[in-house]
Amino acid sequence: KDLAHIRNFSIVAHIDHGKSTLADRLIQATGALTEREMKEQVLDSMDIERERGITIKAQTVRLIYKARDGEEYVLNLIDTPGHVDFGYEVSRSMRAVEGSLLVVDASQGVEAQTLANVYQAIDADHEIVPVLNKIDLPAAEPDRVREQIEDVIGIDASEAVLISAKTGLGIPDVLEAIVTRLPSPKGEAAAPLKAMLVDSWYDAYLGVIVLVRVIDGVLRKGDRIRMMQTGAIYQTDRVGVFTPKMLETDVLGPGELGFLTASIKQVRDTRVGDTITSERGGCAKPLPGFKPAVPVVFCGLFPVDSADFEDLRDAIEKLALNDASFTYEMETSAALGFGFRCGFLGLLHLEVVRDRLEREYEIDLITTAPSVVYHLHMTDGSMREMHNPADMPDVVKIDRIEEPWIRATILVPDDFLGDVLKLCQERRGIQMDLTYAGSRAMVVYRLPLNEVVFDFYDRLKSVTRGYASFDYQMDGYEAGSLVKMQILVNEEPVDALSTIVHRDKAEMRGRSMCEKLKELIPQHMFKVPIQAAIGGRVIARETISALRKDVTAKCYGGDVTRKRKLLEKQKAGKKKMRQFGKVEIPQEAFINALKMD
Ligand code: GDP
Ligand code: MG
């Protein structure tokens, strides 16, 4: 196809505003799939995504559309990941297309992710077509939402397309708007090959599948290609497009979106944002803006039953095959035995991986407290990254500790604003901005990521009864007055409960953790002291009283069967416990002790 008959676009929306439903309708309306092949939400391919209503892997689909001008157009829709943790992948997908449909639920209005995603589209110089969805709902207020888009986002919404993705109303207008209002791509077929690696994933039959956008030149089956960032060289063995089924075309020209396979063994060998060119006579400069994905949240994953360690290793290796942004290395903990220290792009990413390990691979896991990556500036002038509070070196060797900050945008109905400000303030937040969009406030806060990783989402949801929406981006490192707090159970430090806390919060956090652990750890035959300490100094203490002697005294009276029964009963109840010294600590204690309420 010539460039004038190609349109590349993405759909940006807040979660649940109807992005997937609209994509399905567009596929249906252009007849890319037969009715039978058309199952609900074809673009959300993984079950777990479907359940959580999020899209993790960017997918793409080529639609053939005969427009009202009588010409046939190729429309390439790229489905971008919907969550903040995948922000960099979103930004790369956006660079691969020229326009966006901005879908806003006409009964809800603009939300935090609407803003975050549309700003990405604006950054990528997209032409944007506002689409107001769900106008079948009685609560839909298209006029109000149109105004809100103009006020809050600052783009013209007077020609917004009104649709119901559910009933199909307005879908032909969306297709027509894509052709008439979005620009066609630019590119030079005669120039050296220059293509962007937009995404990649592992397929059991084909190996790694790479999603590419050809900028200049032509990509052909059998070409020898070079990845400019990694320097790796491959020979393509398949080149084609998604309809959304894979269709080999053997050639992709400028402006086109499609896939290649090249016997690439693992997704780790492909970097999102890399530039693909010919091995010989390639383009001079790579595309700008490449950034390797860096994990920002780490936690330990340990099997509840240490006999499951090898299974856990297998499962983690399999998962990592298809997720280049997830990192892992073996870790040993005095409290938890053998496990893995794993790195994630954010909290949601962590939850998704943990869920998959537990559900798909059926491994019971202990997840230790998530920790951010600290920068330790040592007195000898060197800097090291610390992924695990248990690895903290002697404080006398540390000059200062820097922690990552985020810039958070929260949209919340007026009524709950006070509670949100209080929550952010409690978490060491610094207010940057506060504006109103109708009856809702938009607050921008800088917050230490450390204060957000435990339970910020949960708290935000509960104080706003689910009405707030939240989005964030990383915003640099800053020195803070940070100390390592240890928890001692029965006088012994439990490494998996060590945390890095702000000095001003240490006492409060220490007290809260001791109180929680007192509830979470069962009584033993002896008194169990629980202490929080910084360096050698105890800052909080609780004691679990001993079980009353007479409960078991009866057992010593000679009734052996009763004693055995009691022991067996205890053992069954202890399945999810870990022995630590003389004390049993239940699995959930490791994570629950850290929740702040
Ligand atoms: P996404 O998270 O943006 O991909 O949203 P989905 O497409 O998964 O839609 C979220 C929910 O809204 C689903 O339950 C859809 O059935 C529903 N939905 C989508 N479009 C419409 C619409 O036009 N009208 C109504 N009433 N519901 C819709
Ligand atoms: Mg979706």
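This is a predicted model: local features need pLDDT of at least 70, side-chain atom pairs count only at pLDDT 80 or more; totals for chains, interfaces and linings use all residues.
**Entry 1: around the ligand**

I began with ligand 1 and looked up its neighbours. I found 16 residues surrounding ligand 1. The closest are Asp16, Lys19, Ser20, Thr21 and Asp136. Next I sorted the shell by class: 8 residues are polar, 5 are charged and 3 are nonpolar. Which element gives the most to this shell? I looked, and helix α1 does, with 3 residues.

**Entry 2: polar contacts**

Then I went through some atom pairs at ligand 1. In threonine 21, an N or O atom of the side chain is 2.5 Å from an oxygen atom of the ligand. For serine 164, I noted a polar side-chain atom 3.1 Å from an oxygen atom of ligand 1. Histidine 17 takes part through its backbone: a polar atom there is 3.4 Å from a ligand oxygen. On its own, ligand 1 has 580 Å² of accessible area, and the protein covers 78% of that.

**Entry 3: α1 and α6**

Helix α1 spans residues 19–29 and helix α6 spans residues 171–181. How do their axes cross? I read off an angle of roughly 85 degrees, with the axes coming within 10 Å. An angle from 65 to 115 degrees counts as roughly perpendicular, so α1 is roughly perpendicular to α6.

Which residues meet here? From α1 I listed Leu22, Arg25, Leu26 and Ala29, and from α6 Ile171, Val174 and Leu175. By class, this contact has 6 nonpolar residues, 1 charged and no polar ones.

Technical notes: Residues are numbered from 1 along each chain as its sequence is written. Chains are lettered from A and ligands numbered from 1 in the order in which they are written. Side-chain values use heavy atoms; hydrogens and water are left out. Axes are lines fitted to C-alpha atoms, for helices over the stretch in contact, and angles run from 0 to 180 degrees between N-to-C directions. Helices (H or I, at least four residues) and strands (E, at least two) are DSSP runs, numbered from the N terminus. Angles under 35 degrees count as roughly parallel, over 145 as roughly antiparallel, 65 to 115 as roughly perpendicular and the rest as oblique. Contact means heavy atoms within 4.5 Å. Ala, Val, Leu, Ile, Met, Phe, Trp, Tyr, Cys and Pro count as nonpolar, Asp, Glu, Lys and Arg as charged, and the others, Gly among them, as polar. A residue is near a molecule or strand if one of its heavy atoms lies within 4 Å of it. A polar contact is a pair of N or O atoms within 3.5 Å; within protein, one must be able to donate a hydrogen and the other to accept it, and residues adjacent in sequence count only if both atoms are side-chain atoms. Accessible areas come from the Shrake-Rupley method with a 1.4 Å probe; for residues, only the protein chains shown count as cover.
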